[in-house]
Each structure stands twice: as C-alpha cells, then as structure tokens.
Amino acid sequence: MSNIFDLFKKIEQPAETAGAPEWIIAGLGNPGRDYERTRHNAGFLAMGVLCEKLGVECKRARFRALTGTATIGGHRVLLMMPQTYMNLSGESVREAADFYHIPPEHVIVLVDDVYLAPGRMRIRTGGSNGGHNGLGNIIYQLNSDRFARVRFGVGEKPRPDYDMKDWVLGKLTDDDLSHMKGCFDDALDAVTLLMDGKADRAMELYNGKVH
C-alpha cells in the first residue's frame, strides 16, 4: 500500500502501543492494485494518512486484515485494513473484536460516503448502514449498530441511472483527493475525540466543515 501512502506526505511523531488494544479503528476498502484510489477505498486512504501521522504501518497480517498498533491520546488502538473485500469487512472486524474482547462501542470505522461531496466528512456514533454494504456487514457481524463511523465524501453519482457499483469502483480525481486530504488530516483529531467520549464535540467541529 506504500504507493497509496505516498499520496500524502505529512508525517508526525511515532507512537507505540503497550498492552492489548482497547479500541479498533478499521479503514474499509478493497485490496489489490485494481482498486487503489477508487471511491470505495476512501477508508483505506484515510487509514494511510492516519498511519503516517502516527508513524506506524498497517502491514501485519492478522484477522484477515493488515494491522498495526498505536497509542492515540492515551488509548491503545488496533488499526485495521480488512482484506476480505468490502462486503465482508465485518468478518475481519468481528474476529479482532472477539479476540481482544472489544465491544462495538469501542469500534470506529473509516468509510466512504457517496452522499457527501469530496471535502466533507460526517461523524456518527451509530445507526443504519445508509445503504453501504461494508457497514451493513459490520452491523451484522457485531450484532450491533453502536459503533462510530467517520464517513468521507466521495461525491454522488452523476445521474440517477448511473450504476452505483461502477461509481464507487471508479477512480477519484486529483481534484477530489485535494479536497479529501483535509478531511483525512482531520481524522486523527476526530477519532481522538470519539475515544475520549467527546462525540458531540467531534460532530460539532467536523460535520459541517468543508475543505
């Protein structure tokens, strides 16, 4: 995934994790070169920026995912990029959650949103899948919708009859990425607030922000 990470160069001081993770942050996407830089891989792209800021890598193969560990705001965290393909993302997240006895309320998912424009993000602490199959599978596998989501806008399809699968598997433009980069940079602060129990503050700061 290094060529994805190379899109974004802002790197901050590393942080290492001691002890078992208390939280899971999962960036969703599809593995493989054919899916790089697609709209559906916004979660992978966001995770790439998050990892660079933390000075860690998601490269250890566990729980059918590429994983890494970090300490974020004093919280021990497992970072995940499920390799199950999008529609089975929940299987990977559930395996990790079961292994570490992490409840759904301590899971944060980074994911694409076709109902938001590039440069917008939306934070929620639960609710329906909003038509997103990856989120739907996580809800099914965890038997709960009480996990946080940080959704990154990738733009609506250009016309009603445009096939949604073709749209989400289409490539993001340079202009799209330039707007999304600001959201990806904000993600570290957003997830820190969520883990600190300050979801309302996170939503206040970022749900209306435009990059």
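## About the model

Welcome! This is a predicted model, where local features need pLDDT of at least 70, side-chain atom pairs count only at pLDDT 80 or more, and totals for chains, interfaces and linings use all residues. Residues are numbered from 1 along each chain as its sequence is written, and side-chain values use heavy atoms, with hydrogens and water left out.

## The cysteines

A disulfide here is a pair of cysteine sulfur atoms within 2.5 Å. By that rule, the count of disulfides is zero. C183 is in no disulfide either, as the nearest cysteine sulfur, that of C51, is 18 Å away.

Is C51 buried or exposed? With a relative accessible area of 1%, C51 is buried; the word means under 20% relative accessible area, while exposed means over 50% and partly exposed lies in between (1.4 Å probe, protein chains only). C183 is buried too, at 1% relative accessibility.

## Around C183

C183 sits in helix α6. Helices (H or I, at least four residues) and strands (E, at least two) are DSSP runs, numbered from the N terminus. Setting aside neighbours within four places in sequence, C183 is in contact (heavy atoms within 4.5 Å) with G119, R120, M121, F152 and H211. Between the C-alpha atoms of C183 and H132, 51 residues apart along the chain, the separation is 20 Å.

## Nonpolar cores

A nonpolar core is a set of buried Ala, Val, Leu, Ile, Met, Phe, Trp, Tyr and Cys residues joined through side-chain atoms within 4.5 Å. The largest one has 45 residues, and those with the most contacts inside it are I25, M47, L79, I108, L110, V150 and F152. Helix α6 (residues 174-195) gives the most to this core, with 11 residues.

Beyond four places in sequence, L79 touches several residues, including I25, M47, C51 and C58. A second, separate core has 20 residues, among them A26, A96, A97 and L142.

## Two packed helices

Helix α3 (residues 89-100) and helix α4 (residues 133-142) pack at about 40°, with their axes 7 Å apart. Axes are lines fitted to C-alpha atoms, for helices over the stretch in contact, and angles run from 0 to 180 degrees between N-to-C directions. The two helices are therefore oblique to each other: angles under 35 degrees count as roughly parallel, over 145 as roughly antiparallel, 65 to 115 as roughly perpendicular and the rest as oblique.

Where α3 and α4 meet, the residues of α3 include S89, V93 and A97, and those of α4 include N137, I138 and L142.
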